[in-house]
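Please view the structure before reading on.

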Amino acid sequence: MSYTVNESHNSQLRCWVASAHNPNTDFPIQNLPFGVFRRADSDEAARVGVAIGDQILDLSACLRQSLFDGLAAEAAQVCDQPTLNALLALGRSHWSALRQQISAVLREDGQAYQRDQEIGTKILLSMHDAELLLPVQIGDYTDFYASVHHATNVGSMFRPDNPLLPNYKYVPIGYHGRASSVVVSGAPVQRPNGQTRAPQADAPSFGPCKLLDYEMEIGLFVGPGNTLGQPIPIDQAEEQIFGLCLVNDWSARDIQTWEYQPLGPFLAKSFVTTISPWIVTLEALAPFRVPAFKRASDDPQPLSYLDSSADREQGGIDLTVEVYLASQQMRDGGVAPQRLSRGSFANMYWTIAQMLTHHASNGCNLRPGDLLASGTVSGASRDERGCLLELTWRGAEPIELPSGETRTFLQDGDEIILRGYCERADAARIGFGESRGVVQPAVAQSR
Ligand code: CA
């Protein structure tokens, strides 16, 4: 079942960390996303923290100050580790107890601050002084294809008469990706080499990808998981979801075109995938839940294992996602990144619960730290298309940048920035931070 809105979401809460009240911050006291950090340029042990304004709350330091008790203290005890996996394994009661007590620690009227107004010097580190690391040791990475707009656009380029295959509205389509090449925001993105075949050529050749793309996606991290052989009923799916992050599924379109039949994507996708460093918990998203995607009257209803009234009523998330591009020339000239698209995660054909339940429906076991990504988030209009393949219609409609440059696909030196946020009138706005990556030249080939 979904989380309910509680005191930790109250938009009137006052936090003693001043930057948490900056109107532009993604991290007010109502958000409290989790990540892994250490002091930059130090050999400090990496550990779990929570973003608050432009600061990081050090959960191990909080524990040393005896700020937590009960389940929250148990949860904080596994936060001295360099990944979130042990916390993910504990499950929802622990996550929720920890969130409530973190909120109390950060409240201006909370006991911790009322007892000691210098408490911040003992439990905070400025993000400016911190290095953010990959927050999870990802066991398995699965990538779905949950936007019907994306699937229809891409399908119509390759099969104009039959864009959407007959399985699409029954099966949440996905493939098994590569966990080892998932990196955190800021890590370089090396253009892959690969095998491609030019349109009129008889034979393929090997060399740098020429059609490099990004895909704007949302990822979820699995909590305790299920035993091999035991499926996860749809109304228990959200118990298994710790939180969400931004995912850039960098894609080599020319390699993909040549290799994807008959078994699907392979090396076109596994060279690098970038995620944002902060994981926004599903509980933090409670005020932004919306009905699942409204199916057309002639669409089939989901099969019963993928259907529940709770998921129909609350399975969607009203989360806005944006993609920005800054070329090397733009950055050198101090030109702000150009927004390429803005879409909504509420437009996805399948809910997060449906994707997770479907994944486990054959008995496949999901484990703490598995990453399930949604597939490209695209909407009905042109400016909602979440990748260049769609946005430039396979290169036919180039994009103009403020520097006068044009793009069909990515050039070396291009930086792609993903952003995401939730807002509504009666709730505090919360954000996902950013996922950034700059394209580096391909490595010289050796033979
Ligand atoms: Ca993808």
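Q: In this predicted model, which class has 16 residues in the lining of the largest pocket?
A: The lining of the largest pocket includes eleven polar and seven charged residues. The class that accounts for 16 residues is nonpolar.

Q: Which helix gives the most to the lining of the largest pocket?
A: The largest pocket has a volume of about 830 Å³, and 34 residues line it. Two or more of these residues come from each of strand 6 (141-144), helix 7 (148-158), strand 7 (174-176) and helix 8 (253-259). With five residues, the element that gives the most is helix 7.

Q: Which helix supplies at least two residues of the lining of the second largest pocket?
A: The second largest pocket, with a volume of about 470 Å³, is lined by 21 residues, and Arg197, Ala198, Pro199, Leu211 and Asp254 lie nearest its centre. At least two lining residues come from strand 11 (205-208), and at least two also come from helix 8. The helix asked for is therefore helix 8.

Q: How many residues in the lining of the second largest pocket are charged?
A: The lining of the second largest pocket divides by class into twelve nonpolar residues, four polar residues and a charged group. The number of charged residues is five.

Q: Which helix provides the largest share of the lining of the second largest cavity?
A: The second largest cavity holds about 50 Å³ of space. Among its lining residues are Trp95, Ser96 and Arg99. Helix 4 spans residues 92-106, so these three residues fall within that helix. The largest share, three residues, comes from helix 4.

Q: Which residue is the bridge partner of Tyr324 in strand 25?
A: An open sheet of five strands has the order 9-26-25-20-21, with mixed pairing, and its edge strands are strand 9 (189-190) and strand 21 (338-344). Within this sheet, strand 20 (residues 320-326) and strand 25 (residues 415-422) run antiparallel and are joined by seven bridges. In strand 25, the bridge partner of Tyr324 is Ile417.

Conventions
Residues are numbered from 1 along each chain as its sequence is written. This is a predicted model: local features need pLDDT of at least 70, side-chain atom pairs count only at pLDDT 80 or more; totals for chains, interfaces and linings use all residues. Side-chain values use heavy atoms; hydrogens and water are left out. On a 1 Å grid over the protein atoms alone, a cavity is a set of points where a 1.4 Å probe fits but cannot get out, and a pocket is an open set with protein on both sides within 12 Å along at least five of seven lines; lining residues have an atom within 4 Å of a point. Grid points are joined across faces, edges and corners, and a volume is the space filled by probe spheres set on the points. Helices (H or I, at least four residues) and strands (E, at least two) are DSSP runs, numbered from the N terminus. Two strands pair if DSSP finds at least two bridges between them. Ala, Val, Leu, Ile, Met, Phe, Trp, Tyr, Cys and Pro count as nonpolar, Asp, Glu, Lys and Arg as charged, and the others, Gly among them, as polar.
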